[in-house]
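Please keep the sequence and the structure in view while reading.

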Amino acid sequence: MSVESVFARLEPLLPSVQKPIQYVGGELNSTVKDWDSAEVRWALMYPDAYEVGLPNQGVQILYEVLNEREGVLAERTYSVWPDLEAIMREHKIPQFTVDGHRPVGAFDILGVSFSTELGYTNLLTALDLAGMPLHAVDRREEDPIVLAGGHAAFNPEPIADFVDAAVLGDGEEISLKITEVIREWKREGRPDGRDGLLHRLAVSGGVYVPKFYDVTYLPDGRIQRVAPNRPGVPWQIVKHTVMDLDAWPYPKKPLVPLAETVHERFSVEIFRGCTRGCRFCQAGMITRPVRERSITTIGDMVQQGLNASGFNEVGLLSLSSADHSEIGEVAKGLADRYEGSQTSLSLPSTRVDAFNITLANEFSRNGRRSGLTFAPEGGSERMRKVINKMVSEDDLIRTVTTAYENGWRQVKLYFMCGLPTEEDEDVMAIADMARRVIQAGRDATGSRDIRCTVSIGGFVPKPHTPFQWASQADHETVDRRLRALRDELRQDKRYGRAIGMRYHDGKPSIVEGLLSRGDRRVGAVIRAVWEDGGRFDGWSEHFSYDRWISKAEEIFEDGPVDLDWYTTRERDEVEVLPWDHLDAGLDREWLWQDWRDAVEDGAEVEDCRWTPCYDCGVCPSMGTEIQIGPTGRKLLPLSVVNS
C-alpha cells in the first residue's frame, strides 16, 4: 500500500519558517525509490538540524549501502527547528523524510545515529511528531522499530525507555543483516508480532533490545545486576567491526546540500580506529583496532566522489589522519593528481608528533595556507602524562616554528579543562604554551602578524575508557579556572592581542556527563526536560542548564541518586557500570589498571601499532587484528583531470 507524501501540505507553510530550503529535499545524489516495490523501509535520522546532520558520514554511508540493495528503501530525516515544529503540530503534519516527504511512522525501522548524548531530547520530538508513543513498551504493531547507533549507543541506557534496540560499532554489515531479518519476518507473516521481530534481532547477539534485560539496584543506588529476561538472549552484546574497509568504499555519491552546512566538502575516511591510547578518548577506545584503507582505494574514492558531487575540497578523515602508515604517499599522490585544478586537500585531524612540513606542503599545494590545528589537550606536561597524550611542549614549539618558517601564520590549539587530578596551575600552563607559540612565530618570521587561538572544552568522562570511573569536575571549578585563564591572557600586553580564546562553560558538560554515564533512571529526566520544552541541547542558544537541574532534582528527589551521584562521584572497581553488559572488546581489568596508572604515576602507554601488544583485549575477543601498510602501491595521476 502506497504512502502519501506530505509535501503538498508542507510546502505552502515553508515561507513562514527560517531556512525553508533545508526541508525540501532533492539534493544531488539523493534517492527516492518506489515505496510499493520495497520490502524493507528504513528512515535514517541524525537528531540535529539539517546543517549538522547532512554531512554526517555514518548516515550517508548507510543511506547508500541500503539503497543499493534490491527491495530495500532508505530515506533521511533530521530534527526540525522549533518554528516548524509548532507549525507541524498546528497543521497535524507528521515527522517526515526529506527524500520522499513520507511520514516517518510508516517505515519499518527508524535508525537514529547519536554522535552526542545531547541529541536525546530531539529524538523525543521526532517520535512525538511521528505520532509514535515515546516509550517503546507502548508502541503498536505498526510503529517502526526505533534503533539507536553511533558512538553514544555504546551506553544507550539513558534512552532505554525510548528505543526498541541499539547496535554497537560499525554499521555497514549489521544494517544489512538487520534488513534480512526484517525481510524474512515480514515474508513469514510477522510471526509473534513486534516482540517476535525484536527477539529474532536479540538472539543473534548483535542487537541489544533493552526490554529483554532487567536491571536491579542496591539500596545505595548502585546497579546490582543486568540480566536477560527471555530465553536465548545473550548476557553480553558485542560490537560490530568491519575488517575490510576496501570492500566498503562509501560514500560513492556524496549528498550535495541545498542549504549551508557545517562542512561542505567530500570526505573520505582513510582509516578507522585508533591505538594511541588517549585515556579520555571514547572514540579511540571503542573503534579499535586500526584498519587502513589502501592508497589505491583512497584515490579511487576521491576521484569518484569528486566526479559525482562537484565539490572542490577533499577532507581525509580519521581520528588522527596523519597516522596512516602511507600518509606521505597518499598526500603526494593526490597533490600530484590534482595539481593545477581547483581541488584542494585537507587533513582536519593532525597530531603534533605526526605532523611534518612536507606533508603540510603537499596538502596546501592547491589551496591557501589557512591555520593549522593541534590538540595538546592538557596544558602541563604532567597533565598530558595523566591523559597519555605523549606530546611535549618542546615538540609543539618545534612543529609550529617549522610551520611558521614555511608560510603559516595561524595556529589553533585544543585543550580540555576538568581532567582527572587537574589543578589550577595545569590550566594556567595553557597561557604559557600559547605565549611560547606566538614568540616562536615571531622569532621564525620576524613578523608580529602571528595568531594563536586557544579553544577549550570541559572534560566529560565517557564509558569504555580508562576514565569511566573518574569523578567529573563540577562546573564551578571549570568556570573559575577558565575565567582565570582568560584574564591572564587578556592582561598580557605583549601577547594578549595575538591570542584568541574560545571556551564553553562547564554547565553543558555536566548535563552531558549525566547522559553519558547515566542508567535507565535518567530516562525520566530526559522526558521531563523534553516536556518542559527542551530541544537542541547541543546548541548554546537553546540549552538550559536550569531546566535540566530542576527536572533532575524533581525526578531524583525521593531516591538514593542525584545529579552529583552521576557526575562528580568517583566509581570503584567493583561497581557494576550501566554499560558493563555491552562489550566494546576492551578488557575491563586492562581499563582499570590504565586508570590507576594514570592517577598514581602518569605511566605512559605507547601506540600498539608499533610496539608489542598491551593486552587491551580487543583483537582476541573480537577476532580482529590491526591492519596497516605499507602496501607499496602508488597513486597514479589521472590522464584527464576535471578542474
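Phe-536 lies in the loop between helix H17 (523–531) and helix H18 (545–556); helices (H or I, at least four residues) and strands (E, at least two) are DSSP runs, numbered from the N terminus. The phi angle of Phe-536 is near 50°, a positive value in a residue other than glycine. The model is predicted, and local features need pLDDT of at least 70, side-chain atom pairs count only at pLDDT 80 or more, while totals for chains, interfaces and linings use all residues. Residues are numbered from 1 along each chain as its sequence is written, and side-chain values use heavy atoms, with hydrogens and water left out.

**Backbone features**

- Most residues other than glycine have a negative phi, and most peptide bonds are trans.
- Phe-536 counts as buried at 2% relative accessibility, where buried means under 20% relative accessible area, exposed over 50%, and partly exposed in between (1.4 Å probe, protein chains only).
- Thr-421, which is not a glycine, also has a positive phi, of about 70°.
- Thr-421 is found in the loop between strand S15 (410–417) and H14, and with 32% relative accessibility Thr-421 is partly exposed.
- A cis peptide bond, with omega about 0°, joins Tyr-250 and Pro-251; Pro-251 is placed in the loop between strand S8 (237–238) and S9.
- The peptide bond from Gly-629 to Pro-630 is cis as well, with omega near 10°, and Pro-630 lies in the segment after helix H21 (618–622).

**Strands and crossovers**

- Strand S4 (residues 145–149) is mostly covered, since five of its five residues are buried.
- Ile-145, Leu-147 and Gly-149 point one way from S4, whereas Val-146 and Ala-148 point the other way.
- Strand S3 (residues 109–113) pairs with S4 in the parallel sense over five bridges; two strands pair if DSSP finds at least two bridges between them.
- Ala-148 in S4 is the bridge partner of Val-112, and Ala-148 also has Ala-166 in S5 as a bridge partner.
- S4 and strand S5 (residues 165–166) run parallel and are joined by two bridges.
- S3, helix H5 (residues 120–129) and S4 make a right-handed β-α-β unit; a crossover is right-handed if, with the strands pointing away from the viewer, the path from the first strand over the helix to the second runs clockwise.
- Strand S16 (residues 451–458) and strand S17 (residues 499–503) pair in the parallel sense over five bridges, and the chain crosses from S16 through H15 to S17 in a right-handed β-α-β crossover.

**Salt bridges**

- Side chains of opposite charge can pair when their charged atoms come close.
- The count comes to 54 salt bridges, a salt bridge being a side-chain nitrogen of Lys or Arg within 4 Å of a carboxyl oxygen of Asp or Glu.
- Asp-323 forms a salt bridge with Arg-276, and the closest N and O atoms are 2.7 Å apart.
- Asp-323 lies in the loop between strand S12 (313–317) and helix H10 (327–338) and Arg-276 in the loop between strand S10 (271–272) and helix H8 (282–286), so this pair ties together parts that are 47 residues apart in sequence.
- Both Asp-323 and Arg-276 are buried.
- Asp-426 forms a salt bridge with Arg-382, with 2.6 Å between the closest N and O atoms.
- Because Asp-426 lies in helix H14 (residues 424–445) and Arg-382 in helix H12 (residues 381–386), the pair ties together parts that are 44 residues apart in sequence.
- Asp-426 is buried, with a relative accessible area of 5%, whereas Arg-382 is partly exposed at 38% relative accessibility.

**Cavities**

- The structure holds six cavities of 30 Å³ or more; on a 1 Å grid over the protein atoms alone, a cavity is a set of points where a 1.4 Å probe fits but cannot get out, and lining residues have an atom within 4 Å of a point.
- The largest cavity holds about 110 Å³ of space, a volume being the space filled by probe spheres set on the grid points, which are joined across faces, edges and corners.
- Of the 14 residues that line the largest cavity, the closest to its centre are Pro-55, Gln-60, Leu-255, Arg-265 and Phe-311.
- Helix H3 (57–67) and strand S9 (266–269) each supply at least two residues of the lining of the largest cavity.
- About 60 Å³ of space lies in the second largest cavity, whose lining includes Ile-223, Arg-517 and Asp-519.

Terms used
On a 1 Å grid over the protein atoms alone, a cavity is a set of points where a 1.4 Å probe fits but cannot get out, and a pocket is an open set with protein on both sides within 12 Å along at least five of seven lines; lining residues have an atom within 4 Å of a point.
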